[in-house]
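Hi everyone, thanks for coming. Let me show you the structure I have been looking at, and then we can walk through a few parts of it together.

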Amino acid sequence: MMESQFNFALVLPEIILLVAAMAILIIDAFSNDPKRTLTYTLSNATLAVVFVVSLWQWVGGVSGTGFYSMVVVDSFSHFVKLVSYLAVFATMVYSREYIQTRDMLRGGEFYVLVLLALLGQMVMISAGNMLTIYLGLELMSLAIYALVAMRRDHEQSTEAAMKYFVLGSLASGFLLYGMSMVYGATGSLDLAVIGSTVQSGDMQMALVFGLVFIVAGLAFKLGVVPFHMWVPDVYTGAPTAVTLVLAAAPKLAAFAIVMRLLVTGLGELTISWQPMLIILAVLSMAIGNLTALMQTNMKRMLAYSSISHMGFVLLALASGSTDGNMFVNAGAYGSALFYMVSYVLTTLASFGVVMVMSRQGFECENLEDFKGLNKLNPTLAGVMLLVMFSLAGIPPLIGFYAKLMVLQAVIQTGMVWLAVVAVMFSLIGAFYYLRVVKLVYFDQPAPDRVVDRVPTVPASLLAVNVGLILLLGLVPAGLMNISVNTILSSF
Amino acid sequence: MIGEIASSSVPWLTIAIFTPIIFGLIILLVGRDDQPNVARWLGVIGATLGLLATIPLYTGFDTSTADMQFVHKAEWIAVFAANYHVGVDGISLWYVLLTALITLIVVIAGWGSITYKVAQYKAAFLILSGLMIGVFSALDGLLFYVFFEATLIPMYLIIGIWGGPNRVYAAVKFFLYTLLGSLLLLVAFLYLWATTGSWAILDWHQAPLTYDVQVLIFLAFLASFAVKVPMFPVHTWLPDAHPEAPTGGSVILAPIMLKLGAYGFLRFSLPITPDASVGLADLMIVLSLIAIIYIGFVALVQKDMKKLVAYSSISHMGFVTLGFFIFNIEGLKGGLVQMVSHGFVSGALFLCIGVLYDRMHTHKIADFGGVVNQMPKFVTFFVLFSMANAGLPGTSGFVGEFMVILGAIHFNFWIGVLTATALILAASYSLWMVKRVAYGKVANERVAKLKDLDAREFLVLSILAIGILYMGIFPKPFTDVMNASVHVLLEHIATGKL
């Protein structure tokens, strides 16, 4: 009995990553290389290894629970982890030059912290118990707080780190408080047990209280209105490399714990949390899009845009079935997963461009800096074009299918009005994406503006990244299938 | 019930859609700023091959049936039951041919007039052309929407990069106006998909819908298609977009892109929501009449040639929508013929304006006068096209308008009378423009130095002139193609869904 519970094979990727991160930290201590090539290579190699392991586990159908259901491994966790590895890999490749020129490599901690944040995300993704969720969340958050503060002599970064830390801790507190309420009501921290204890429409005071706090905590982590205040400040203040670290993969992990907590744990209360999510979703789309219109800073604009995109994800999460119909749920939550993956893919490319265009002593982050890019570097301009139209949801790019799937889920629940609201806010959103395209293509560059040649490696990865945005837009069926099927087989 | 006839061994329609798109991508990859001629030649080759691929569609078209022909179907997104599914019938065939032809003309006509980022320019046109053929031939709702929306991207760039001084405003306005409508269209599509479980447009034609639902869907369709047509009162983007668009952009915009909206009425609004279409016909007729008459007057006072032709386009498209919503055979066929004819005529007029613009860099009417002294060949064409715009018998403009007026008189005498006044208006603004531009005293020194058409311009305008005269004198081949489909459509509307 004991032995079968400690199923180390299930957490093999986590173990490998942890050991590797520790080893890299030690190896790095002996390094004097200002570029930290070894650290960088080892980190990427680690990612490659865990990628292969997770893929192999996924293909081999490895699944189950371990450590007294502290850990759940299913096809959902495999898939989300795989996407997270890719996101972290892309982040490290895009940011290599950037962190070198910004004195963020005095030690190789950047890479180790990124790996530890990833480890936290993996724990979150595979969590089967509220304690595991909290453990993963804190591991990830602490690593990212440190990353945001990495440029310690940079005023804005330090401010952003402080804000992120204070608000993030507050959110964690919310979540923890909610969890304790739920524990009080059900007597268990195990999500599966909670799921079977809570009765449909159970309106115990403690449970509803707990639910509200959990939703608030999750909303913080996803960065949706009205818990979004930290998003624009942290996105803008953090060094762009770190912005990408916290804008891409953590969203997937946050999404995973939303699924674990709300669907596995509190699925019977769907009817109670759906309206909350709808309100958060509509507010996020409204405030995110309207505020993004007024931004002059690219990173800030993308931050508000992320708020509106998370609103769309919540919309999908809110269109599941209230009586546990598996296929309706798979459609709704599968569309949310697809949306997340497509959002991460596009976000990587958008911040990737921002990063490769920044030079020593020059942050390419004002919208003005993108003026006339088509004249200076048509390829980067093309990347920007596809990314912006994908974010705006114009076919044939992946962002369109993400919106399409969410809208169809919403319409299938009969909330046509909500779909109309969502598309109207997308229309508003289209304007600021169009403005970027306008700057890139229609405007003249400033006379002294030059754009350096992008080094081969990030340039090729950027090409692959944007190629996927287009290719998955032309033939989205495969990714859609995966999204729906992993949800179907895991929840 | 409309059936489907599969394509012969060669999927011509798919080839016609993707040849220009692939050539567009090739141009983007190989095109360099210092070698514009490579892009130009590749553009001509791509457009020619695209046009050649549409010829078997015409020669192999069976005019005796209303079924979809040259159908090519392949699985696309299984989760959504959406397929790659294309085919043409009598309603869409002419627009596929027209698109391919106009693309070739644009690529040739814009040979030397664009010098900035030539490769991107040619690529944008070829990709746009493939996408538009895709819109006209899609039989799957999702595929239609993807093509329909994707056209926005190249058109936005064409207006915004190579347009006039106010191009940014025009491009953004064009994009947002169209997107507003399209998003509502998407919601309607998703609703249809949710209720029928199919994306096939022909299945939607048969879907039983209550009257109230039909009205909502009709309005969502209207939001999208009315913007594209454009109908009063959502027409204001067009007169802004045209003067700012480069010549090629205008030539694609008026003859083809506007047809996407009108085509949408025939493929979606009328067959999917027949009862709502009949119920709301009064609204459509009133809006069409306002477009025909009021916009006709607006055209009269324009000081800019491109704006004048833009307003005249709105007025002419009013004929088309009017013809569709009076539900008789003359009206419907007249509307279709008018669409093809307007494709030729407006394209030709914009090319003529482009010829002048290349020489004088202005399209203000007041900057011209007495052009005939320097450019007799040009003015011959210009007069012909303006006459066709005014609906002179013997030109294509006459056939469609006459049929619509005839249909309108059958429907209601007074509507017919009102419609007919448009002929007077069209003659006034067209001929007055010709008078001010081509005749009279030579306005200034720059006009005095104008050179007449060169061989390339002559060729391009001749092709359109032949099309206009041929269609005006012998319209039977055009209407024959449409007959079967139009009859089936009218029967379908008369049967209704209730």
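This is a predicted model: local features need pLDDT of at least 70, side-chain atom pairs count only at pLDDT 80 or more; totals for chains, interfaces and linings use all residues.

How does the radius of gyration of chain B agree with that of a compact globule? For 498 residues, a compact globule would come out near 23 Å, and chain B has 21 Å, so the two agree. Of those 498 residues, 62% count as buried. Now take the contacts in chain B between residues at least 6 apart in sequence: 81% of them join residues at least 24 apart.

Next, the strands of chain B. Let's start with β2(B), residues 68–77. Is this strand mostly covered or mostly open? Mostly covered: seven of its 10 residues are buried. On one hand, β2(B) runs parallel to β1(B), residues 4–6, and two bridges join them. You can find B:Glu4 opposite B:Met68 there. On the other hand, β2(B) pairs with β3(B), residues 82–88, in the antiparallel sense, over six bridges. In that pairing, B:Ile77 stands opposite B:Ala82. The hairpin of β2(B) and β3(B) has four residues between the strands, and B:Ala81 takes a positive phi near 55°. While you look at the strands, a general point: in a regular strand, side chains alternate between the two faces of the sheet.

Now over to chain A for a pair of helices. Two packed helices are described by the angle between their axes and the distance between the axes. Here, α10(A), residues 230–237, and α14(A), residues 298–317, have axes that come within 8 Å and cross at roughly 145°. The crossing is right-handed. Among the residues that meet are A:Val231 and A:Tyr235 from α10(A), and A:Leu302 and A:Ile307 from α14(A). The residues of this contact divide into seven nonpolar, two polar and two charged.

Finally, where do the chains touch? Here 25 residues of chain A are in contact with 28 residues of chain B. On the side of chain A, the elements giving two or more residues are α18(A), α19(A) and α21(A). Which one gives the most? That is α19(A), with 11 residues. This side of chain A divides into 20 nonpolar residues, four polar and one charged.

Technical notes: Residues are numbered from 1 along each chain as its sequence is written. Chains are lettered from A and ligands numbered from 1 in the order in which they are written. A residue is buried if 20 or more other C-beta atoms lie within 10 Å of its own, exposed if 12 or fewer, and partly exposed in between; C-beta atoms are placed from the backbone. Two strands pair if DSSP finds at least two bridges between them. Axes are lines fitted to C-alpha atoms, for helices over the stretch in contact, and angles run from 0 to 180 degrees between N-to-C directions. A crossing is left-handed if the near helix is turned anticlockwise from the far one by less than a right angle, and right-handed if clockwise. Two residues are in contact if their C-beta atoms, placed from the backbone, lie within 7 Å. Ala, Val, Leu, Ile, Met, Phe, Trp, Tyr, Cys and Pro count as nonpolar, Asp, Glu, Lys and Arg as charged, and the others, Gly among them, as polar. The radius of gyration is taken over C-alpha atoms; the globule rule is 2.2 Å times the number of residues to the power 0.38.
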